[in-house]
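Hi there,

Here is the structure I promised to pass on.

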Amino acid sequence: MDNNEIKNSNEVKKVVIAGGGTAGWITAVALAKKLGHILDITLIESNAIGTIGVGEATIPTSRTFHQLIGIDEQELMRATNATFKLGIHFENWLQEGVNYIHSFGATGKESWIAEFQHFWLRAKEQGMGGNFGEYCLEHQASSQKKFACAPGMDINYAYHLDALLYAKFLKNIAIEHGVKYFEGKICTVNKNHNNGYIDSLVLESGQTIQGDLFIDCTGFEALLIEKTLQTGFEDWSHLLPCDAAVAVQTETTSTDILPLTRSIAMGSGWRWCIPLQNRMGNGYVYSRRHISDDQAIADLLKAVDGKPLNEPRVIKHRPGVRRKVWNKNCVAIGLSGGFLEPLESTGIHLFMMGVVRLIQFFPFSGINQSLQDQYNGLAVAELTGIRDFIMLHYHLTKRDDTQFWRDCRIKELPNTLAHRINLFKNNAHAYQAAGELFRVDSWVQVMLGQGIVPEHYHHSVKLMSDANLAGFLESIKAPIQEKVKSMPTHADFIQHYCRS
Ligand code: FAD
């Protein structure tokens, strides 16, 4: 009888979540709301250890997740000092002084033969067309600091929110929905001698908490999945250049609120600016091979606008993923499962997907290999797509002003990404593979923004006369301009919709 068969005979009813950061509370709320009537759910967190306290920019999938678990948007935004996010403003990534927006919206209209970029490239060749972003509502609204949303209004957005307040907000909901809560440090993890599964967690107080399934949300500590089960880690530092960040909060210096995360390339990495209602979140993500922690702190403090509100904090990480995010009776959700870097704000999305998939593949009748393989396979496919998307930004830079950027340019690419870049460069084609997060819209905006000019486009678009093409483009552009004109500023919208 193998290990899986031993556990297979046991139904899974008691779920224990170790860790109460963003990942722990996201997991607790989702499990409680969706499966709380049939599961017994416990969460343990340690106030002495605390949380990492960063992770404040999200992507639109967070809205879908919140809807799924019944979270009210206005209530959430008021509770977390949140603002709206329509995309990311990339500054100086291609070259100093060259900026572009990766917006969350769809750009233009496509035909079944050719995506919109083919029409736009034809128009450019014929001396018309303007900027690619003119055909995207979210791009245009964000560049004018405007925002509005209402039921039925087709606008794709996400949030900037206070990470600590977000965890607190979720914690209240989880406890209201029956999650049992223990505060204290886990000092021992007991394993079953026969099959190596986790049996129980022992707190400093001496209390023992038993479970059938354990969710490791202990952050970089990876107490269960790595320190206990020694699952192994796939290191991606040869692919992703940054391995540390320094974060600091500052006072807001303007009454305008940009509905975008700013991502500004620096000498040895990049820095984020995340506007909340009451403050700015800032951080410099850098490579420790190229710059010291002290220098990164100094560079960040020199670059930020407002007065710092706290001491800068350095957070080190190793880019990569756990070899299995589900191993035996432990599932890693959050930083314990791995971390790439914050460039495209995918962390919280991945935690949400981690728990959504767990609900979908929940091992009610026992843990078996096929469930684990399915779960792990989907997680790796998604992470690989995100990794390639992040690499794209670094690799396509034309900067050669520092060793960091010169090293980024020559990095060897995975075949998956090299193929994607060639396909776009030679033919203007882009695609979203099955299970991938980023849509064609995202790939195209970043590839164009990072300076790729496709050599050819699909000739079906030549079937349109110049006049028809101009009319087609205008029919997309004009309503966007009208819609943006009628929108309030982002700051005004927040004031009446979700002022904290
Ligand atoms: P943590 O916040 O570290 O929580 C770990 C929990 O485990 C804590 O409650 C701790 O007390 C508990 N714990 C640990 N050990 C024990 C123990 N022995 N006993 C009991 N409890 C224990 N994601 C995004 O989506 N957008 C972003 O903009 C973004 N920016 C990021 C920037 C940086 C620099 C980093 C590093 C990550 C970023 N992320 C971002 C990723 C991610 O969203 C955040 O890092 C996230 O808040 C981390 O969540 P976590 O719950 O996994 O870990």
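Arg279 forms a salt bridge with Asp162, with 3.2 Å between the closest N and O atoms (a salt bridge here is a side-chain nitrogen of Lys or Arg within 4 Å of a carboxyl oxygen of Asp or Glu). Arg279 sits in the loop between strand 15 and strand 16 and Asp162 in the loop between strand 6 (158-160) and helix 7 (163-176), so this pair ties together parts that are 117 residues apart in sequence. Helices (H or I, at least four residues) and strands (E, at least two) are DSSP runs, numbered from the N terminus. Arg279 is buried, at 4% relative accessible area, and Asp162 counts as buried at 10% (buried means under 20% relative accessible area, exposed over 50%, and partly exposed in between, with a 1.4 Å probe and protein chains only). Salt bridges with shared partners join Glu56, Asp162 and Arg279 into one network.

A word on the basis: this is a predicted model, in which local features need pLDDT of at least 70 and side-chain atom pairs count only at pLDDT 80 or more, while totals for chains, interfaces and linings use all residues. Residues are numbered from 1 along each chain as its sequence is written, and side-chain values use heavy atoms, leaving out hydrogens and water.

Glu56 lies in the loop between strand 2 (40-45) and helix 3 (61-68), so its pairing with Arg279 ties together parts 223 residues apart in sequence. Glu56 is buried too.

Glu96 and Arg399 also form a salt bridge, at 3.3 Å between the closest N and O atoms. Glu96 is in the loop between strand 4 (87-91) and strand 5, and Arg399 in the loop between helix 11 (369-395) and helix 12 (403-410), so they tie together parts 303 residues apart in sequence. Glu96 counts as exposed at 56% relative accessibility, whereas Arg399 counts as buried at 4%. The salt bridge count comes to 22.

Best wishes
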